[in-house]
Amino acid sequence: MTKDRVLIFDTTLRDGEQSPGATMTHDEKLEIAELLDDMGVDIIEAGFPIASEGDFRAVSEIAERSKNSVICGLARAQLPDIDRCAEAVKKAAKPRIHTFIGTSPLHRAIPNLTQDEMAERIHETVTHARNLVDNVQWSPMDATRTEWDYLCRVVEIAIKAGASTINIPDTVGYTAPRESADLIKRLIETVPGADEVIFATHCHNDLGMATANALAAVEGGARQIECTINGLGERAGNTALEEVVMAMKVRGDIMPFDTGIDTKKIMHISRRVATVSGFAVQFNKAIVGKNAFAHESGIHQDGMLKNAETFEIMRPEDVGIAGTSLPLGKHSGRAALRAKLNDLGIEVGDNQLKDIFVRFKELADRKKEVFDDDILALVSTAEDDGNQINLVNLKVVCGTGGQAEAELELEIDGQDVTAICKGDGPVDATFKAVRKLHPNTARLQLYQVNAVTEGTDAQATVSVRLEEDGIVATGQSADTDTVVASAKAYIQALNRLLVRRSKVGPGADAKEISYKDV
Ligand code: KIV
Ligand code: ZN
């Protein structure tokens, strides 16, 4: 291995799966292992074979199927653990046993071993593992809280017993970047034989410094980073694979290290791990969060449209995201709205854009995020001007205490008129009020409601089809209030029916008029 290569050791299936609630099924583990192997992870820690029959089966099958990655199993410093682990990884083309013991005073107290007794146990177990496989990794758990002299002593013992990778875990996420770099550097300088093995870093995120600590350890001389997809792991999680890999890629000028990772596969595996583990990725998580490549504010969107580098330090395509998203919200400007309309294949003149922008801002004030379908709905609403009937005001009282009542104010041919009607539910009351104010014999052929976007603040799109004397017209409207959308759709259909009737007269052949035709 060249000195500028950093090995990526992924422990999503072991340390990650250990986080409460993140248990994956056998098939899900196989799927994730395959994705890790495919993306170029050097070592996959596939599980803890002694922990359960299921873990053993998963590690064995992953070992058997692995193509390129080293397949590693975890084992405590006990001979039966190590035997079981060796059995599980034996079918891998490149098997590894990872054995560990807690070396800090707090951890030594649990098995109640003296320093000498523990040193002896380390010698015995690493030697045993090395007799079973060529590739042995050893970890002094809670290394960052282990006495310096004792840490040097046990690391030396493990190297002499045949471990080729020495992992230095910050088990409780206690260290800080400068200390993390120093610790590895001093171990490499101090421990006899250290230059013949690879030092690894394994950081937990209790103080939010796992990724920074891992990268600092690399500066100190570590050449293997232990990490998980999405930073999954015990408590606050582990170093996130995507963060260390992208940090080294983007800041190659100050971190001149290569990983063999195909970064374009990051987003896909991140989503799969989120789905199978049930641990959703927070929106603002670096690299893989929903908002990592999203820009809402008008200034940022304008900058992004002129030059993506103004607000992005990496390309979304590099991590497998189709592209930057400029979600439209109340901070968005006209440039972003025009860009979105163009994306949707809609060309608008300046005046039309002004009009749509006003409606868009009104909507954005009521909704957190405005989606493509919202925009389409706004555009079609904006197409209808100069109608004979316009909605002025609608108030509806409904609930469990009796019939719904709608108070409707319309402007018909320039005159404001009001009606109050009761009905079977708010929509029925509203439609009755429309008919009272503009009597007609149109028959309601279709009434359909769809939520065009997600969430309880979603816009409802209501479609209405009216038929009168063989003339058919449809209306469609979107609003966060379903009853308002219904009233608007009904009125739109009625307006179109009136236009159609004035053109063809009653009795024409029944023909559907799409709202786009009017
Ligand atoms: O955090 C830790 O110390 C571990 C060890 C088993 C390496 O996960
Ligand atoms: Zn850990």
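Predicted model: local features only at pLDDT ≥ 70, side-chain atom pairs only at ≥ 80, totals over all residues.
Residues are numbered from 1 along each chain as its sequence is written, chains are lettered from A and ligands numbered from 1 in the order in which they are written, and side-chain values use heavy atoms, with hydrogens and water left out.

The zinc ion (ligand 2) is held by D15 through OD and by H202 and H204 through NE2, at 2.0 to 2.1 Å, where donors are N, O and S atoms within 2.8 Å of the metal (3.2 Å for Na, K and Ca) and, water not being among the atoms, sites may look incomplete. Along the chain, these donors follow the spacing D-x186-H-x1-H. H202 has 6% relative accessibility and counts as buried, and H204 is buried too, with a relative accessible area of 4%; buried means under 20% relative accessible area, exposed over 50%, and partly exposed in between (1.4 Å probe, protein chains only).

Helices (H or I, at least four residues) and strands (E, at least two) are DSSP runs, numbered from the N terminus. Among the buried residues of α9 are A210, N213, L215, V218 and G220, and their cover includes β6 (165–170), α8 (177–190), β7 (198–203), β8 and α10. Just after α9, G221 takes a positive phi of about 125 degrees.

Another buried position is S270 in helix α11, residues 266–277, which has a relative accessible area of 2%. Leaving aside residues up to four places away in sequence, S270 touches I229, N230, V281 and V288, contact meaning heavy atoms within 4.5 Å.

Two helix pairs come next. Helix α4 (residues 79–89) and helix α6 (residues 115–132) pack at an angle of about 20 degrees with their axes 10 Å apart, which makes α4 roughly parallel to α6. Axes are lines fitted to C-alpha atoms, for helices over the stretch in contact, and angles run from 0 to 180 degrees between N-to-C directions; those under 35 degrees count as roughly parallel, over 145 as roughly antiparallel, 65 to 115 as roughly perpendicular and the rest as oblique. On the α4 side L79, I82, D83 and A86 meet E124, T125, H128, A129 and L132 of α6, and the residues of this contact divide into 5 nonpolar, 2 polar and 2 charged.

In the second pair, the axes of α2 (residues 26–39) and α3 (residues 53–65) come within 10 Å and cross at roughly 35 degrees. Here H26, K29, L30 and A33 of α2 meet D55, R57, A58, E61, I62 and R65 of α3, a contact whose residues divide into 4 nonpolar, 1 polar and 5 charged; Ala, Val, Leu, Ile, Met, Phe, Trp, Tyr, Cys and Pro count as nonpolar, Asp, Glu, Lys and Arg as charged, and the others, Gly among them, as polar.

Two loop residues remain. N112, in the loop between α5 (105–108) and α6, has a positive phi of about 60 degrees although it is not a glycine, and N112 counts as exposed at 62% relative accessibility. R235, in the loop between β8 (224–227) and α10 (241–250), is likewise not a glycine and has a positive phi near 50 degrees, and R235 counts as partly exposed at 49% relative accessibility.
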